[in-house]
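Subject: Structure handover

Hello,

Here is the structure for you to look at. Please open it next to this email and follow along.

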Amino acid sequence: MKVLIIDAQGGGMGKQLVMAVKKEFPQAVVGAVGTNSLAASNMLKAGADYAATGENAVVTGCRRSDVIIGPVGIAIADSMHGEITPVMAAAVGQSEARKLLIPMNQCGNIIVGVKNTSMSYMVEAVTAQLREYVKGYL
């Protein structure tokens, strides 16, 4: 199974996601794409199998992955303080991969009806969803 984790800014969420996915699914190939080098570096340090940076890395990674994980902003053009380009958002949205998007009420995008919860809760929710997906995948 190929998992792609996309994050922006400092890669803090991506770092936590990489650690959780690698712990739960050590056999998975976990790729990390940061919209900037800091985000990519932090995810690589967390244990990603590979890391890359930028728009083309997002586009290529989305084509080659079974699962894409990241904040909901990765599917919204110009979100995350402008770090998500329209091309990146389209690549995520058009990918045939299963998408596990984490609701984040930041950067001008408000997910109505979603409570602000801890990052650790969100990471656990992602791994639970991934666990369910893997059952059907194998």
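Below is what was found, from the whole chain down to single residues.

First, the ground rules. This is a predicted model: local features need pLDDT of at least 70, side-chain atom pairs count only at pLDDT 80 or more, and totals for chains, interfaces and linings use all residues. Residues are numbered from 1 along each chain as its sequence is written, and side-chain values use heavy atoms, with hydrogens and water left out.

**The whole chain**

The chain has six helices and five strands. Both are DSSP runs numbered from the N terminus: helices are H or I with at least four residues, strands are E with at least two. Along the sequence the order is β-α-β-α-β-α-β-α-α-β-α.

The C-alpha atoms fill a box of roughly 35 × 35 × 30 Å along the principal axes.

Of the 138 residues, 45% count as buried. Buried means under 20% relative accessible area, exposed means over 50%, and partly exposed lies in between (1.4 Å probe, protein chains only). Take the contacts with a separation of 6 or more: residues 24 or more positions apart account for 69% of them. A contact means heavy atoms within 4.5 Å.

**The cores**

In soluble globular proteins, nonpolar side chains tend to be buried together. The largest nonpolar core here has 26 residues. Such a core is a set of buried Ala, Val, Leu, Ile, Met, Phe, Trp, Tyr and Cys residues joined through side-chain atoms within 4.5 Å. Val3, Ile5, Leu17, Val21, Ile69 and Leu130 have the most contacts inside this core. Its largest share, six residues, comes from α6. Another core lies apart from it, with 17 residues, among them Val58, Ile74, Met88 and Ala91.

Leaving aside neighbours within four places in sequence, its contacts include Val21, Val67 and Ile69.

**Helix α2**

Which residues of α2 (37–45) are buried? They are Ala39, Ala40 and Met43. The face turned away carries the exposed residues Ser37 and Lys45.

Check both ends. At the start of α2, a side-chain oxygen of asparagine 36 comes within 3.1 Å of the backbone nitrogen of leucine 38. Just after α2, glycine 47 has a positive phi of about 120°.

**Two loop residues**

Serine 95 sits in the loop between α5 and β5. Serine 95 counts as buried because its relative accessibility is 9%. A polar atom of its side chain lies 2.8 Å from the backbone oxygen of cysteine 62. A polar atom of that side chain also lies 3.0 Å from the backbone nitrogen of alanine 97.

Proline 103 is in the loop between β5 and α6. Proline 103 is partly exposed, at 25% relative accessible area. Not counting residues up to four places away in sequence, proline 103 touches Val72, Ile111, Val114 and Met122. The C-alpha atoms of proline 103 and valine 114 are 7.3 Å apart, though 11 residues separate them along the chain.

Best wishes

Methods: A polar contact is a pair of N or O atoms within 3.5 Å; within protein, one must be able to donate a hydrogen and the other to accept it, and residues adjacent in sequence count only if both atoms are side-chain atoms.
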